[in-house]
Structures are given as structure tokens and as C-alpha cells.
Amino acid sequence: MASITSASLRSLLILLQLSYLYVSEAQTPPVTKGLSLTFFDTTCPRLESIVRKQLEKDFAQDIGQAAGLLRMHFHDCFVQGCDASVLLDGSASGPSEQEAPPNLTLRPKAFEIIDNIRRQVHRRCGAIVSCADITALTARDAVVLSGGPDYKVPLGRRDGLNFATSQATLDNLVGPNANTTEVLRRLARKNLDATDAVALSGAHTIGISHCSSFTGRLYPQDPTMDQTFAKNLKTTCPQNAQVDATVFQDIRSPNVFDNKYYVDLMNRQGLFTSDQDLYTDSRTRGIVTSFAVNQTLFFEKFVIGMLKMGQLNVLTGTQGEIRANCSMRNSDNTLLSSVVDVAEEASQFIGF
């Protein structure tokens, strides 16, 4: 193991001190009216325990689902607010958000996990907790159980009655080919600044990506991509491949929520243009470097970004509804009060 010289230690200390110069001074955002950090303390005091214990079981079987749940929350909130509209199946009124191109790779198991937790929570507390709140809690616990920061989630969201169009979904999500100008522009529309943009991009420290999301950087090779990294990717993602294979988004610690994603970017090993350009662009390069050398700072700013994003255009009070099934509006749920649904709930209660 190489020894750390006094010079290298001094350099590291300087970097740590400078890391705070590039990020915004934004503090923890206020809780939106209608939400509360104690919303279910008396009506469903075991809510967060139910969510975390179930996710511990799910992640023990497949830790990859953590990234799927985190991504679900992003794709829900950015489109028309955190209203669980992404969970709705299509209907006679049109295709659901799930059928929009950016959502075609959302993990089917993530939908199942959320609705399974919804059943458990409603069985214990009654139908008072929304699918939107459960989605927010599963995203938080996906971060925590992967090694990331813990934080309190404001609760009290209601579920939306409608889903966005495919075009609205495309217009509000950041694609993998977006450059930093586009990333910053889209997030600014949500009142998220450059520090928020870089911090939230750090969600890519866990999870996988399909080759089709970045092969445009391989053929021809993007000069901002490390050559050895590109060569290895081409082995898994050959040109004109018949199968859309997957690779880890963070090659250093793919299933651990940490700051290695930013180390990847500094080594020109980001998968997407929207990732790597954060280091190429002078407006965000310093923030990337700050997070790469200071994981505590990254965690702090990531939590702030998540709290901001998690309160985008939320429905509260009497707005929307509390869905009895996360995939359909209550008005479409013919089994809402049926014996079949009661029997399902009773069967799942056994051994809980």
C-alpha cells in the first residue's frame, strides 16, 4: 500500500477546503404547505418501519431494485409532480406515462414492490397513505439501504387522477444525450440550481444502463470518453447488436450509494453525455470535483436536492385521492370493495 506523503496530504486538505467554494449555499428547503414531517405519527406510526423492513427483504434478494425505486421517484416527480401518476396503467383516455420512451426501461419489479408495500400499509393503517408517499419513502430507503444518507421525508401527498402525455413525459425528463446546458435549463424550470442538478445526477452511482442509451458515444467514440473504458464497453455493447445489453452506471462501486460516480466523471468514465458533460462544462466542473473529494458534501447536497424534487407540484388536502391500487384510479377499480380484494388482503396478512 502506497504511503501518503505530506505533500499529497496537503493537496487533499486544500481540495476539501476548496470543495465548498463551488456549491450553492442552499439550506434544507421548507416543507410545502399540506405536507408534514409528522403527518402519520398518530394515524400510521409504523409506516416507515413497514416500508424499510419490506425493502430490506427485497434488497436482500436483489439490491439492483434499489436503483429501480430511486429512478421511479425521479420519473414521477419531474413530469407533473410527485403524484404517483407514473404508476398508473393506461386507459381508454390514452397510453400511460409508462409507455413513453424514457419510461420503457423502468423496472417492472419496482412497480410490484411499491404496490406490495401499499397493501401492507393499508392493511395496518387503512387506506390513508398514498402511493405517492410510498414511492417517496421507497426512494429514500433505496438510498439508505445502499449506503447513502438518511433523511426525513415530508409526507401527506395525494395521488393524481390523471397521467401525463408521452410528449409531456419527454419534455420534462432529462435524456442521456442532453448536454449540461440542457440539463441546467430543464432543472431550472423546476427551481433546481446547478448544485441540485449535479447532486441529483449522483443517483447514477447505483444501477444499470442499457447500451442503447450511450452507444452514440461509442460509434464513433466520443473524445471525452476514456479509451480503455470505451473499449471495455464496446465488448458488451457491440455496434448494431441485436440485444440491448446492460452495464453498471458506476464501475467502481455499482451497488453502493457513494461519491464514486463523480470520481468516474473525473476519469472520463461517465456513461451518458448528460453525466460526462457535467465535468467537461466549466459551469459544473467545480461541483463535480467538490463531490468527488468530499462525500459528506455530496450527501448533504443530494438530500437537499431530493427534498426539493420530492415536493414538486404535490397534491395535498382534498386534492387527488388515496388509491386503493397504485396502478389504477379508484373510479376504475371495480374490485375496490369486493370480497375478492378482501380475501387477497386477508391471505397476505397471514404470517405478516
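**Cavities, pocket and helix packing in a predicted model**

The second largest cavity is lined by Ile 63, Gly 64, Ala 66, Ala 67, Ser 146, Ile 206, Gly 207, Pro 254 and Asn 255. A cavity is a set of points, on a 1 Å grid over the protein atoms alone, where a 1.4 Å probe fits but cannot get out; lining residues have an atom within 4 Å of a point. The space in the second largest cavity is about 40 Å³. Volume here is the space filled by probe spheres set on the points, with grid points joined across faces, edges and corners. By class, this lining has five nonpolar, four polar and no charged residues. Ala, Val, Leu, Ile, Met, Phe, Trp, Tyr, Cys and Pro count as nonpolar; Asp, Glu, Lys and Arg count as charged; the others, Gly among them, count as polar.

The model is predicted: local features need pLDDT of at least 70, side-chain atom pairs count only at pLDDT 80 or more, and totals for chains, interfaces and linings use all residues. Residues are numbered from 1 along each chain as its sequence is written, and side-chain values use heavy atoms, with hydrogens and water left out.

The chain has 14 helices and two strands. These are DSSP runs numbered from the N terminus, with helices as H or I of at least four residues and strands as E of at least two. Of the 352 residues, 53% are buried (under 20% relative accessible area, with exposed over 50% and partly exposed in between; 1.4 Å probe, protein chains only). The accessible surface comes to about 16,100 Å², by the Shrake-Rupley method with a 1.4 Å probe, where for residues only the protein chains shown count as cover. Carbon and sulfur atoms hold 55% of that surface. Among contacts (heavy atoms within 4.5 Å) with a separation of 6 or more, 76% join residues 24 or more positions apart.

The structure holds two cavities of 30 Å³ or more. Helices α5 (131-144) and α13 each supply at least two lining residues. The most come from α5, with three. The lining divides into seven nonpolar, two polar and two charged residues.

The largest pocket has a volume of about 980 Å³. A pocket is an open set of points with protein on both sides within 12 Å along at least five of seven lines. Its lining counts 36 residues, and Arg 71, His 75, Val 174, His 204 and Phe 272 lie nearest the centre. The largest share, seven residues, comes from α3. By class, the lining has 20 nonpolar, 13 polar and three charged residues.

The axes of helices α12 (residues 282-293) and α13 (residues 295-309) come within 5 Å and cross at roughly 115°. Axes are lines fitted to C-alpha atoms, for helices over the stretch in contact, and angles run from 0 to 180 degrees between N-to-C directions. Ser 290, Phe 291 and Val 293 of α12 meet Gln 295, Leu 297, Phe 298 and Lys 301 of α13. This contact has four nonpolar, two polar and one charged residues.

Ala 230 sits in helix α9 (residues 227-236). Ala 230 is buried, with a relative accessible area of 0%. Beyond its neighbours within four places in sequence, Ala 230 contacts Leu 218, Gln 221 and Met 225. Tyr 219 is eleven residues from Ala 230 in sequence and 9.9 Å away in space, C-alpha to C-alpha.
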